[in-house]
Amino acid sequence: MAANNKGLNTICTHTGELEDKQHKGAVSPLYMSTSYAFEDVDVKRYPRYFNTPNQEGLCLKVAALEHAEAALIFGSGMAAVSTSLMAFLRAGDHVVLQQTLYGGTYNLVTEEFSKYGIEFSFTDGWDAKDFADKIKENTKVIYVETPSNPLLTITDIEAVAALAKKHNVISMIDNTFASPVNQNPIDLGIDVVIHSATKYMGGHSDICAGAVASSKEHMERIFHLAKNFGGSLSDYTVWLLERSIKTMGIRVRAQNENALAMAKFLYTHEDIDAVYYPGLPSHKDHELAKRQMKGFGGMLSFELKPSLDSSKFQKSLKLIKSSMSLAGVESTVLSPTQTSHALMSPEVRAEQGIKDGLIRFSVGIEEVEDLIADIEQAIASVKKSNLVYSNN
Ligand SMILES: *Cc1c(COP(=O)(O)O)cnc(C)c1O
């Protein structure tokens, strides 16, 4: 773990880079081969074995970023989530998952697990105590997501990790929203850290990938299932992801700053009813976020005053685009009710505190003044159309 002695941006830029011995180029060469000569009996290189030169290089970088012994890169975040969960669960086992879960993970669990005889419970809230409440005799895994989507709730990572250790179960975290720049759960005792690399690791909305980091022992177990499930990433995309991560520290820190500025702006705005951002002192778990995060991230959500139509507002935005995904260098918004959480019943959404007018905001790296101006003009435009309607 020598790489861990280096600072974040040095790891981002250099760890795991491959040397261009032939031409001395500045960047890692890309090896697209799917076929390699046997060097010795132990090293059989093959893309689906997750061990091509480019894959191995990037795994070193991700492991160093998450202060882990080892890592694997997957073809999507969901390949990373499904393979990690299934590696530690078998028929008759039980898993406790956080209530406010990424939609894809929720679907995986609720649509697939019963086919394999795997039992599951969702927590009633997001405190460590809520996880303790659901642990059973046959619980094998606890799965947490913090900050959560879309309300940015914060769970005490250290407390959940301690709970898992006490019950001798594996703790897993979806660390996508924080990114390794803002949160390193292994330092807080978590066993397995999962990322949708489609988000902050990729950062440019042009890569779909996933990553898992853990101890050598746990990664060995995950690898054995991974090679059978076959969710590896093409070397070309691995190479692109390596390039993207070089600027991850700089990007995410800029997004932290922008998101905090936008959260403060929205919080004091008379047409905004609520702002959810762990970096605001008004956030319920601000102190906890300060303790376990290095930055508060680029994601926030907010509610307009009920008199302002949130879909009209989104359509009126010019610079900030509506988009399903998140974490790119460009700012985007989304209505959870209409998109990510549309399949949930209104009752379940209400239970989770997701109001119809809620807007999730993925803050990019643009100039804050331009983002503020765009939001101001969109609010003015919705107000104007309200006036037109009331005059008719
Ligand atoms: C996007 C996302 C995933 C799934 O990742 P894909 O790359 O889309 O498969 C998992 N967890 C979180 C929090 C996400 O935002």
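1. A polar side-chain atom of Asp 174 sits 2.6 Å from a nitrogen atom of the ligand. On its own the ligand has 380 Å² of accessible area, and the protein covers 91% of that (Shrake-Rupley method, 1.4 Å probe; for residues, only the protein chains shown count as cover).

2. Before you read too much into those distances: this is a predicted model, where local features need pLDDT of at least 70 and side-chain atom pairs count only at pLDDT 80 or more, while totals for chains, interfaces and linings use all residues. Numbering runs from 1 along each chain as its sequence is written, and side-chain values use heavy atoms, with hydrogens and water left out.

3. Who else is around the ligand? Besides Gly 77, Asp 174 and Thr 198, the residues there include Ser 76, Met 78, Tyr 102, Glu 145, Thr 176, Phe 177, Ser 196, Lys 199 and Ala 209.

4. Now helix α6, residues 157–166. (Helices, H or I and at least four residues, and strands, E and at least two, are DSSP runs numbered from the N terminus.) Ile 157, Val 160, Ala 161, Leu 163 and Ala 164 are buried in α6. They share one side of the helix because they cover an arc of only 160 degrees around the axis, the arc being that of the directions from the helix axis to the C-beta atoms. Lys 165 and Lys 166, on the other side of α6, are exposed. The cut-offs are under 20% relative accessible area for buried, over 50% for exposed, and partly exposed in between (1.4 Å probe, protein chains only).

5. What covers the buried residues of α6? The cover includes helices α5 (128–134) and α11 (286–292), plus strands β4 (139–145) and β5 (170–174); contact means heavy atoms within 4.5 Å. Both ends of the helix are worth a look. At the start of α6, a side-chain oxygen of Asp 156 reaches to within 3.2 Å of the backbone nitrogen of Glu 158. Following α6 comes Asn 168, with a positive phi near 60 degrees.

6. If you are wondering about cysteines, the structure holds zero disulfides, a disulfide being counted when two cysteine sulfur atoms are within 2.5 Å.

7. Ser 28 is a loop residue worth checking. The loop runs between α1 (8–14) and α2 (53–65), and Ser 28 is buried there, with a relative accessible area of 4%. Its side chain has a polar atom 2.9 Å from the backbone nitrogen of Leu 18, and a 3.0 Å polar contact joins the side chains of Ser 28 and Glu 242. Leaving aside neighbours within four places in sequence, Ser 28 is also in contact with Glu 17 and Trp 239.

8. Ser 335, between β11 (332–334) and α13 (346–351), is buried at 2% relative accessible area. Beyond its neighbours within four places in sequence, Ser 335 contacts Gln 314, Ser 340, Asp 356 and Leu 358. Thr 247, in the loop between α9 (235–246) and α10 (248–267), is partly exposed, with a relative accessible area of 34%.

Notes:
Polar contact = N/O pair within 3.5 Å; in protein donor to acceptor, adjacent residues only side chain to side chain. Near = heavy atom within 4 Å.
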